[in-house]
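This report describes a ligand site and several backbone features of one protein model. The sequence and structure are shown first.

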Amino acid sequence: MKKKIKKSGRNWKKFWKLGVEEWNTQFLDVSKDGELSAIEGNHIYNLNDLARKYGTPLQVVFPFVLEDRLKDLLGYFQAYMKIYGYKGKFFYHYPMKVNQNREFVLPLLSEGANLEVTSANELWIVKRMWEGEKFNSKIRVLCNGPKTSQYLSLVEELRSKGMNIVPIIEGPEEIERLSRYKGDVGVRVDLDVKADTKWDKKFDRFGLSEKEVLNLPKMKNLKILHYHLGSQIKTQKSILDGIKRAMDIYETLQKTNPSLDTLDIGGGFGVPYEKKKFYTAKTVSSKIIKSIKNISDRKGIKYPNLAVEWGQYIVAPAQVTIYKVISEKHISKGNAKSWYVIDGSFMNDLKDTWAVHQKWHVIPANNMHGSLAPIWLAGSTCDSDDKYTAGGNYVMLPKLRDGEDQLVAVLDTGWCQDGLASHHCLLSLPMKISAKDGTVSIIRKRETPEHIGRLFGWNGEHK
Ligand SMILES: *Cc1c(COP(=O)(O)O)cnc(C)c1O
């Protein structure tokens, strides 16, 4: 006879979808007191304790997650190149746009990442790291985005100092200028494929059209063909469709530009935010290598070196954001029973909730064994859009207990949200801490009213 599992004996780790590698929660667990914890080797961080010590809202960064993810990714590509006899090099370029915080960039550089930047200001940070000898001189920096004169002169300056820095042609007006550049250049093509992402391809404005790329004049320094299909690609088929289309252009372009030797497939690899079945990097990296090899063999061309710029895949799972519930409001008509108002803001701190209806995995950080209710979450701004309802559905969270704080954790918040963050209603950004080698340190202090006032021109004399 099957034993009936009592509610108290429920497997809460499984219930909250923690400890599962394919969902990127393998480092998260539920303590015996029902609190969320993160495990790095022999170190355990109790997130409930951290939130009480440092206060909420709180972002917790786990550099070891970044390092593990990049190490695994490099390992997959290198292994499959070997297995399939692929003669070509693999390069990972970290797209700095996805998270420019020092605690993200430095660990990735030390694991062997190259870089990709989108603006003069990002490149300025690279310059500072370079001057501070924070990275190996051999790494390569790709420069995307429209090239303002400030951006171009910084590129020239760094090249003249010996950096391997490669500007990518983004628009027709850059062709002439960059064909005279004294180092390697790349070109971005707006591929004519329909990828399964949130991106509306009909109005893509990035790079040159396929026709413009194929009509490029002969450029002695053209090295890289680059494309980017958009973020959070939903199917592996879309990733592979892009490669097939790009390889046709690569072959033709190489005929007029024999220096071309690298295909850069951009970013877009997705993350299973909703903790449902999703494609994996291990499988897709194998298919990518196999596909490029087969196509090259059929066309009789040399295998291109391969570059990828998967940002979201690497950074999203490396940060958890924690809020405290400060108020409960009954809902009389709706899928959820109550609103929980949190002490931060979805609209400010997790902007994609509002901008692209991002789905998050929301779980309690304490009372994880408690009895649950269907909940909608609301931020503390005065904006009616500052809310999270899981797309009109609900999230399950513990019922509030008298005299006890309830903490709520949002997983996978490491991608882009910091760069997009804002100060609607002048709320402070979350404090940011990092947990590494058993030590917790503050990365960004909680913003004071003085600090925020200054951003809006209140420089001390509040008159
Ligand atoms: C945003 C971006 C990336 C990273 O995209 P992810 O979705 O984070 O993988 C890579 N390359 C370019 C050119 C981008 O604009």
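## Ligand site

In this predicted model, a polar backbone atom of Gly268 lies 2.7 Å from an oxygen atom of the ligand.

| Residue | Protein atom | Ligand atom | Distance |
|---|---|---|---|
| Gly268 | polar backbone atom | oxygen | 2.7 Å |
| Glu309 | polar side-chain atom | nitrogen | 2.6 Å |
| Gly311 | polar backbone atom | oxygen | 2.9 Å |

On its own the ligand has 390 Å² of accessible area, and the protein covers 95% of this.

An open sheet is built from three strands in the order 1-2-3, paired in the antiparallel sense. Strand 1 (28-30) and strand 3 (43-46) are the edge strands; each has a single partner strand, so one side of each has no neighbour in the sheet. From one strand to the next, the twist averages 35°. Four bridges connect strand 2 (residues 36-40) with strand 3, and this pairing is antiparallel. Within it, Ser37 is placed opposite Asn46 of strand 3.

## Backbone in two loops

The remaining features concern loop residues. Where is Pro57 located? Pro57 belongs to the loop that runs between helix 2 (47-54) and strand 4 (58-61). The peptide bond joining Thr56 and Pro57 is cis, with omega at about -5°.

The loop between strand 16 (362-364) and strand 17 (372-378) contains Asn367. Asn367 is a residue other than glycine with a positive phi, near 50°.

How values were computed
Residues are numbered from 1 along each chain as its sequence is written. This is a predicted model: local features need pLDDT of at least 70, side-chain atom pairs count only at pLDDT 80 or more; totals for chains, interfaces and linings use all residues. Side-chain values use heavy atoms; hydrogens and water are left out. A polar contact is a pair of N or O atoms within 3.5 Å; within protein, one must be able to donate a hydrogen and the other to accept it, and residues adjacent in sequence count only if both atoms are side-chain atoms. Accessible areas come from the Shrake-Rupley method with a 1.4 Å probe; for residues, only the protein chains shown count as cover. Two strands pair if DSSP finds at least two bridges between them. Axes are lines fitted to C-alpha atoms, for helices over the stretch in contact, and angles run from 0 to 180 degrees between N-to-C directions.
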